[in-house]
Structure formats: structure tokens, C-alpha cells
Amino acid sequence: MRKANSLHSFLFNCLTNSIAFRVHEDSKLHGKIYIAHKNGVPIRGIITSANFTDNGLNQNHEWGVLVEDQEALKKVIADIGKVSSHALTREELQGIIKNIDSYAKNEEVHKVPKFDLEVGHLFKKKTVELKPDVRYFIKPVGSSDRPFETTRKLNSDFEKMHFSRRPTPVRIGDILICNGVGTTKLLGYFEVISEPYIWDSTSQWSWELEVKNLCPEYSESWNTFNNTIASIVASYDHVHPVTNVGGSTLGALQFGRGRIQLTEEFAKHVIELMEGSVKAKKENK
């Protein structure tokens, strides 16, 4: 509660300076790690006791270790990605700050407040509101030599997507609709929440970016739905193109394309199919 103003300042400065950011809620996490990237590659990191504040970085006496080995930094980044926590959207974060500030203003300073402040309901939005100026891509997950297993599930919160080359057209806020190689079934749709970076220069899939699952209920049961590459194209109107270059099929996926940019109309059609599948399953229970 006391950190509301600091949180607001952080949010305001990131937005003002066009700095990409994410805030996760994890009340038990205490570690502090700061990593600097250049051209998508981690170049320097600090693991330290210092908080990300003026006192923590400039005034207090803190302990820390400087890491400049890229492979070690990549392992640290991979470990960070495995931490189970909920990423707050900008709207959720602003809502939490607003609630805390409103609560604090209604309390007398000299009294110990009776805490009756609930912000948990703000963490997860009931519906997904897609932002304007968003690009949509379909991305296969898996490969011909390592198909996506029918028993495998993508993470319900955050996931890492891999590419053989830097996915230059993909930017933060874009949507990836994923399908499993081998099954051709859709796995869900995800919002890109990080810039691409090299996570392992020796890997065939050396580039990585992070995404947020926008329909975890679908991903949890993806194999029970019959939404395949062929069926989603067949269910469209056959008049308008499905790709942004005017294509009427997604056949390029069969030839190893790492992604295909879709038209907004077709992408929203596919998203509605997935959301409708989840709704129908609930109604049938």
C-alpha cells in the first residue's frame, strides 16, 4: 500500500520515455536482478540486495555481483522466465494504483487503518480487449523432426516462443495465433510482451521472445477442439484474403515458414472460433 506512489512514478516514467515494461505480482519473491541488453543480447547483469530505488542504488550499503558472461546471463534470464507469477496489464496496474490511492485518501493519518482493501479482482480481466494498431501472425510450435505432442500444453500464463531468425516484423503488443506442428490444431493466442532476443546462439531456434496467454482455458484443452489450419480457412468467407499479402490459404506453413502475417479480419475470425469453442464446452457441461 505504501508503494503506490512509487509504482505510479515507475509506470508514468516508462510510458513517458517509451520504455517497454512488465510488472508481475509475486508477494513471496525477494530477489533483485538487473540485466542490460544491447541489440537483443544480454551484455551485463547485477544480482544484488539493492532495490530499484534511489536509496537502493545510490545511498544504501548493498551487496551484489556483476555478471558479464553472456551464457550465464542467458541462464539467469531463463530462470526468471520460470518464476510463477501474474503479469499485470497496464490497465490492471492503473486500476490497482487508483484503488490503493483512493483507499489511502479516505483513511485518517493518525489512525491504524482497518484493512478492507481488495484489488485481486483487478488482476485478471474477464474479457480480452485487443488493442488498435495490432498485427496478427500465425506461428507453428514444434518442428517436423519434433512435432508438438498431443499431451503437451502451453503455459496458461506466460510462454516463450522461439524462431530460427530474428522475427523482425513482430513487435510488443502483436498477437501470435499458435498451431501445433504435426497436429495442425490451434493451441491458443498470445500477446507479445517482450522484444526478441538471442537466448542461445548455438541453437537452431536461437531467437526468443515472451508472450502472454490471452485464452488459457483454450490452451488447457486445445486437443479437445477441432480447430485445425484447414478448418479455420474453410470456415472463412473465401472472398477476402487470409494473409496480409493477399493469400487465400496458409499452405506456406507446410514448407517450414516460421510465421505468417494474417489480415485483421481473418485473425479476429479465428480468435472468435477459439473463444466460441471454450464457451460451447462450458455450456455443454
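The side chain of K185 reaches the backbone oxygen of F225 at 3.2 Å. This report covers a predicted model. It starts with that lysine, then turns to the whole chain, the salt bridges and a surface patch.

**A buried lysine**

K185 sits in the loop between β8 (175–180) and β9 (186–192). Which side chain of opposite charge is nearest to K185, and how far away is it? The answer is E220, at 15 Å. K185 is buried and yet has no salt bridge. Side chains of opposite charge can pair when their charged atoms come close. A salt bridge needs a nitrogen and a carboxyl oxygen within 4 Å, so the 15 Å to E220 rules that pairing out. What K185 does have is the backbone oxygen of F225, reached by its side chain at 3.2 Å.

The contacts of K185 can be listed without residues up to four places away in sequence. On the β8 side, they include C178, N179 and G180. Further along the chain, K185 touches W222, N223, F225, N226, N227 and T228.

**The chain as a whole**

The protein has 285 residues, and 38% of them count as buried. Its secondary structure comes to seven helices and 12 strands. Take the contacts between residues at least 6 apart in sequence: 64% of these join residues at least 24 apart. The accessible surface is about 17900 Å², with 52% of it belonging to carbon and sulfur atoms.

**Salt bridges**

A search of the whole structure finds nine salt bridges.

| Pair | N to O distance |
|---|---|
| K160 and E208 | 4.0 Å |
| K160 and E210 | 3.9 Å |
| R171 and D174 | 3.5 Å |

K160 meets E208 in a salt bridge at 4.0 Å. K160 lies in strand β7 (residues 158–163) and E208 in strand β11 (residues 207–213), so this pair ties together parts that are 48 residues apart in sequence. K160 also meets E210, at 3.9 Å. E210 is in strand β11 too, so the second pair ties K160 in β7 to a part 50 residues away in sequence.

Are these residues buried or exposed? K160 has a relative accessible area of 19%, so it counts as buried. That value falls under the 20% cut-off. E208 is buried as well, at 5%. Both K160 and E210 are buried.

R171 and D174 pair at 3.5 Å. R171 is partly exposed, with a relative accessible area of 30%. D174 is buried, at 1%.

I33, I47, V65 and I80 form a nonpolar patch on the surface. Together they have about 300 Å² of accessible area. I47 is placed in strand β3 (residues 41–48). Its relative accessibility is 36%, so I47 counts as partly exposed.

How far apart are the C-alpha atoms of V67 and I47? They are separated by 7.8 Å, and the two residues are 20 apart along the chain. V67 lies in strand β4 (residues 64–67). With a relative accessible area of 15%, V67 is buried. Leaving aside neighbours within four places in sequence, V67 is in contact with R44, G45, A72 and L73. Of these, R44 and G45 fall within the residue range of β3.

Definitions and conventions. Residues are numbered from 1 along each chain as its sequence is written. This is a predicted model: local features need pLDDT of at least 70, side-chain atom pairs count only at pLDDT 80 or more; totals for chains, interfaces and linings use all residues. Side-chain values use heavy atoms; hydrogens and water are left out. Patches are made of residues with over 30% relative accessible area and no salt bridge: like charges are joined within 9 Å, nonpolar side chains (Val, Leu, Ile, Met, Phe, Trp, Tyr) within 5 Å. Accessible areas come from the Shrake-Rupley method with a 1.4 Å probe; for residues, only the protein chains shown count as cover. Helices (H or I, at least four residues) and strands (E, at least two) are DSSP runs, numbered from the N terminus. Buried means under 20% relative accessible area, exposed over 50%, partly exposed in between (1.4 Å probe, protein chains only). Contact means heavy atoms within 4.5 Å. Lys and Arg count as positive and Asp and Glu as negative; His and the chain ends are not counted. A polar contact is a pair of N or O atoms within 3.5 Å; within protein, one must be able to donate a hydrogen and the other to accept it, and residues adjacent in sequence count only if both atoms are side-chain atoms.
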